[in-house]
Amino acid sequence: MLERGEVANSWRRERWDSLRLLTPNWQSRLPGYEYQGSDPDGYMSLTDVTEFIDGFAAASGAPVRTGANVTSLRRAGDAYRVTTSLGEIRSRAVVIATGACNQPAVPRFAAEVPASVDQVTAWDYRDPGKLPDGGVLVVGASASGVQLAAELAKSGRPVTLAVGEHVRMPRTYRGRDILWWMDFSGVWDQRHDEIDDLDRARRLPSPQLVGTPERATLDLNALTAMGVELVGRWAAVRDGRALFSGGLRNVFALADLKLERLLDGFDEWHQTSGCDLEVGPPERFAPTRVPQAARLQLDLRGGEIRSVVWATGYRPDHQWLDVPVVDAKGQLQHEGGVVASPGLYALGLPVLRRRKSTFIYGIEDDARAVTDHLAGYLTADR
Ligand SMILES: Cc1cc2nc3c(=O)[nH]c(=O)nc-3n(C[C@H](O)[C@H](O)[C@H](O)COP(=O)(O)OP(=O)(O)OC[C@H]3O[C@@H](n4cnc5c(N)ncnc54)[C@H](O)[C@@H]3O)c2cc1C
């Protein structure tokens, strides 16, 4: 196992300080290793999750070579030549497990933001104190964006949040964590070959969730109550002005509708599945409140906004792959983790084999299927 940094590198280097997992502790589970603490419904801090992964590495005796940056992978006869910062390795099979979130995805027009406005991405943001005093424009209302907007608003800064398509979720439903429902109802286990629009499922934004001791819901209504101003999707910069899409009402209505459908599905599953675990009565949530008159533009030269936080998603980095298996958009081409080059595999990408594939909780089932295939390949190839 080659790791360019340390074990749990992404959690040590690529997350903000206050981050807690949005998955409950009982879902922090890796093969043969699970959360053993006294708070299964709580959410791990960065220190907790780093210790958890360190613990797994030690318990599993994983042969990790740290400080080994892979700079190139190329086909060499019936094997691969792997070039690393510690030298070259020849291997008949390779699993690409370099993560789905290696770099921030930022729109091109970021380059047109006036130089007087600081810019930071969710990838390199650490805490509110590192931003200049004054207004912040947070871009993107998925898990990272809503969490950073809330943290910045609590730090006393005026926060504007640019909202595009998003996935609304309450933290708990009928007394249970929403991710309990996702898991027990089978939604998270939906397989890649059962999903109608797999491309879309793979591009779906992360849900608006946060892990706090109070198990609070962090949706747009909660942010509005904290004083966060909502504007539409940031579409362009013109003459130093940020231009936002209109139609927030439709964007909110769509997210509310999808939430209703998800909850309807959970209710139906609970009624018909014979699940005898106790849950509360069905609930429905207030529609997302539409601002009276959402601003359509904002002058970035006027001093109102001192910094922009891009929470517009992440992308994998496959530039080190010298095998023709990456499409024009930089996405690795694979079928359930089996890459179209003999002996090459992938893990940890969105909906790789199931909806839960990119979560810690999701890796076990995927890893089993992928390593089964890999073992078959090595045996057949002998
Ligand atoms: C902000 C954020 C919050 C998240 N919250 C949760 C959550 O609450 N619960 C949850 O289950 N999941 C969460 N996730 C998803 C989380 O990233 C995954 O669950 C988990 O980290 C995936 O593990 P991985 O090993 O596939 O990828 P990563 O953790 O990204 O690990 C990939 C490793 O590969 C190394 N690497 C990359 N390129 C190279 C190279 N060329 N050579 C050598 N090494 C390399 C990296 O240093 C890194 O250590 C979150 C993700 C983000 C971005």
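Where is Arg-168 found? Arg-168 is found in strand 13. Arg-168 counts as buried, because its relative accessibility is 7% and buried means under 20%. I will come back to this residue at the end. One remark before going on: what we have here is a predicted model.

Let me start with the ligand. There are 27 residues around the ligand, and the closest are Glu-3, Ser-10, Leu-22, Thr-23 and Ile-360. Sorted by class, that shell holds 14 nonpolar residues, 10 polar ones and 3 charged ones. Two elements that each supply at least two residues of the shell are strand 1, residues 2–3, and helix 1, residues 9–13. Helix 1 gives the most, with 3 residues.

Now some individual contacts. In Ser-10 the side chain is what counts: one of its N or O atoms is 2.6 Å from an oxygen atom of the ligand. With Leu-22 the backbone takes part, and a backbone N or O atom lies 2.6 Å from a ligand oxygen. Val-70 also uses its backbone, where an N or O atom lies 2.9 Å from a nitrogen atom of the ligand. As for cover, the ligand taken alone exposes 970 Å², and the protein buries 85% of that.

Next, the charged side chains. In general, side chains of opposite charge can pair when their charged atoms come close. How many salt bridges does a search of the whole structure find? The search finds 29. I will go through three of them.

Take Glu-165 and Lys-258, which form a salt bridge with their closest N and O atoms 3.7 Å apart. This pair links distant parts of the chain, 93 residues apart. Glu-165 sits in the loop between strand 12 (159–162) and strand 13 (167–168), while Lys-258 is in helix 7, residues 248–273.

Arg-354 is in the loop between strand 25 (344–346) and helix 8 (363–380), and Asp-366 is in helix 8 itself, 12 residues apart. Both Arg-354 and Asp-366 are buried.

Arg-368 and Glu-364 meet through their side chains in a salt bridge, 3.0 Å from N to O. The two are about one helical turn apart, because 4 residues separate them in helix 8. Their accessibility is as follows: Arg-368 counts as partly exposed at 44%, whereas Glu-364 counts as buried at 13%. Salt bridges that share partners join Arg-29, Asp-189, Arg-354, Lys-356, Glu-364, Asp-365, Asp-366 and Arg-368 into one network.

That leaves the aromatic rings. A pair of aromatic rings is described by the distance of the centres and the angle of the planes. The structure holds 16 such pairs. One of them is formed by Tyr-173 and Phe-285, and it is tilted, with 6.4 Å centre to centre and 50° between the planes. Tyr-173 lies in strand 14 (residues 172–173) and Phe-285 in the loop between helix 7 and strand 20 (297–299), so the pair ties together parts 112 residues apart in sequence. Tyr-173 is buried, at a relative accessible area of 0%, but Phe-285 is partly exposed, at 27%.

Trp-180 and Phe-184 form another pair, this one stacked: 4.6 Å centre to centre, 20° between the planes. Both are in helix 4 (residues 178–184), and since they are 4 residues apart, about one helical turn separates them. Trp-180 counts as buried at 5% relative accessibility; Phe-184, at 38%, counts as partly exposed.

Which residues do the ring pairs link into a cluster? They are Tyr-173, Trp-180, Trp-181, Phe-184, Phe-266, Trp-269 and Phe-285.

Finally, back to where I began. Arg-168 and Phe-266, a member of that cluster, are 98 residues apart in sequence, and their C-alpha atoms are 15 Å apart in space.

Note on methods
Residues numbered from 1 in each chain as written. Predicted model: local features only at pLDDT ≥ 70, side-chain atom pairs only at ≥ 80, totals over all residues. Heavy atoms only, no water. Near = heavy atom within 4 Å. Polar contact = N/O pair within 3.5 Å; in protein donor to acceptor, adjacent residues only side chain to side chain. Areas by Shrake-Rupley, 256 points an atom, 1.4 Å probe, with all protein chains shown as cover. Nonpolar A, V, L, I, M, F, W, Y, C, P; charged D, E, K, R; others polar. Salt bridge = Lys/Arg side-chain N within 4 Å of Asp/Glu carboxyl O. Buried < 20%, exposed > 50% of the residue type's maximum accessible area, 1.4 Å probe, protein only. Phe/Tyr/Trp six-rings, centres within 6.5 Å; stacked < 30°, edge-to-face > 60°.
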